[in-house]
Amino acid sequence: MKSFDFKATPIIDIVNEIITDNVRLRASDIHFDPTEKFLKIRSRIDGSLHDYSHVDNEYKRNLITRIKLMSGMNITENRLPQDGAIKTNINNVDLDLRVASIPTAYGEKIVIRILDYTMSAEGLETLGFSEENLAKVNKMISFPNGIVLVTGATGSGKSTTVYSMLQKLNKEDVNILTAEDPVEMNIDGINQIQVIPEIGLTFGAILRSILRHDPNIILIGEIRDTETAQIAVRASITGHLVLSTLHTNDALSTIERLLDMEVERYLLSTSLTGIISQTLAKKLCKTCRVKRKTNEYEKMLFKKALGKDVDEVYTAGKNCSDCTSGYKGRIALQEVLMLNDDIRYAINENIDRKELRKLVYEQGTKTMLQDALQKVLAGITSMEEVYRLIDTDDAIRNIYYIPKDTDEIVKHMQENDIKTVILTPGAAVNPTQTTQPKPTVQAQPQVKPTVQAPTQTQAGPNVGPTQVVQPKPTVQPQSQVKPTVQTTAQTQTQVKPIVQPTQAVEPKPQVQPVQQPNPTPVQTNIKQNKDLDDLI
Ligand SMILES: [Zn+2]
């Protein structure tokens, strides 16, 4: 912990040193907490608070007064909360600080927020998007209209992502207007407007005016209410690109939240271009990270989410001089959904959440868990961070296994000890159809697992999303069923280019009891297999 010589050093220098020190430590906030015996100064670094210094109570008043003075607060008022700001340059570093005070039992508590936009100034490419996700984001913001939303909890790096997109779009030939609360970063060439609710300058009021100012691109700091949501939609369908943020965790809950805000389904389905959901994970310090073995649960996660066998991952090592608790800096974990016609149709037709979820994830959207595990594999973050940020049990249910072709299905079946594959032709045509999955294929464990879709001729090239279902291992119909030798790979080549299984259920219920594979397909399997025999 740092200590200061208050007798020998002017208070101005001490406050400056506290601020520059914390900027150097990459702190996002500095807390000055009054306690009975001393003033505790803490720094928030990479999301966690660390003790920075303790100041004797006799110097507390001087210190607090200096900060209040710098931030333009009323220094004679110490019974009411106040807000202030410091824009200054200390030791050639431009600083943009937000300051807030609040009276507590032991005196005034001050928090200084250090606004650091070096990240967004470095560009979208540096925010940790996977190649695939970055391509989607770039595509979303290349359209002249539509709504692109960045979602996540407070402190998930939403502003950084939004500002990075704005900077990319900030060209001379476009007019960009923003309504923000607060304007967190000033960008040259953009008309930024601060929301002031006290005088009636709300998001809604600003947005109504903005639309008369011939904008191309509009940033709405946050969609908080129905009025803002409806204006965003209206702006989008009248030919503007709208960027905004929402406090939701993933793509699905974002869609639901907007519908809760009484945005008309048909308008939402037309206007929404994409949703970027994100959270921030601490980055492992590359100097002191160490490898550890994965446990069974982690092996399952990697297998199911990424189709990979992972025996070792990096984890935080002991602290070194480069880092705080084995971590240094943060990286965003993302989930990027770009709406396609199927999803638009589903929103429009009020298709239930389960079906919508399937549509969202089976069509190639990588879940945040998949993105996170990729980053663990790359040694960027740790499993411990993934557990802290993501409900892995819940997240694994959103993962759909999408093999490229029949060979990959067979490989997947062998590797995962999957005995049965049910192909559902035509599901893409009407995703809500819940007819009996037919035809079915019984792959025998004794022989090479095989896949067959006897009706592929009827279905033609439109054989759509199909299901790979794993029966509950305890119910083993295979042993009772005579090996159906006729279900060999005779049709594999025909099926190859068109089969697209979309759901693989983990074959280890004991590892993950929350996801009990539905035994129904198993029970009907025998019957279905007879149907299959009939068909053949
Ligand atoms: Zn380290």
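**Terms and the values behind them**

Tutor: Start with strands β10 and β11 (residues 241-246): 4 bridges join them, and they run parallel. Keep in mind that this is a predicted model.

Student: What makes β10 and β11 a pair?

Tutor: Two strands pair if there are at least two bridges between them. β10 and β11 have 4 bridges, so they count as a pair. Across this pairing, I217 stands opposite L241 in β11.

Student: Which strand pairs with β10 over 4 bridges in the parallel sense, besides β11?

Tutor: Strand β8 (residues 176-180) does. There, T178 has L219 of β10 as its bridge partner.

Student: Which way do the residues of β10 point, and are they buried or exposed?

Tutor: I217 and L219 point one way, I218 and I220 the other, and all are buried. To be called buried, a residue needs 20 or more other C-beta atoms within 10 Å of its own.

Student: What lies between β10 and β11 in the β-α-β unit, and what is its hand?

Tutor: Helix α7 (residues 226-237) lies in that unit, which is right-handed. The term applies because, with the strands pointing away from the viewer, the path from the first strand over the helix to the second runs clockwise.

Student: Why are helices α6 and α7 called roughly parallel?

Tutor: The axes of α6 (residues 203-210) and α7 cross at roughly 20° and come within 9 Å. Angles under 35 degrees count as roughly parallel, so α6 is roughly parallel to α7. Their crossing is left-handed. In the contact, F203, G204, L207 and R208 of α6 meet E227, T228 and I231 of α7.

Student: How do you know that β9 and β15 are edge strands?

Tutor: The open sheet has 7 strands, in the order β9-β8-β10-β11-β7-β12-β15, with mixed pairing. β9 (191-194) and β15 (327-338) each pair on one side only, which is what is said of the edge strands. From one strand to the next, the twist averages 20°.

Student: In which sense does β15 pair with β12, and over how many bridges?

Tutor: β15 and strand β12 (residues 272-284) pair in the antiparallel sense over 10 bridges. In that pairing, K282 stands opposite R330 in β15.

Student: What does α6 touch in the sheet, and what angle does its direction make with that of β8?

Tutor: α6 packs on the sheet and touches β8, β9 and β10, with its direction at about 170° to that of β8.

Terms used
Residues numbered from 1 in each chain as written. Predicted model: local features only at pLDDT ≥ 70, side-chain atom pairs only at ≥ 80, totals over all residues. Buried ≥ 20, exposed ≤ 12 C-beta atoms within 10 Å, placed from the backbone. Helix = DSSP H or I, 4+ residues; strand = E, 2+ residues; numbered from the N terminus. Axes fitted to C-alpha atoms, helices over the stretch in contact; angles between N-to-C directions. Parallel < 35°, antiparallel > 145°, perpendicular 65-115°, else oblique. Left-handed = near helix turned anticlockwise from the far one by under 90°. Contact = placed C-beta atoms within 7 Å.
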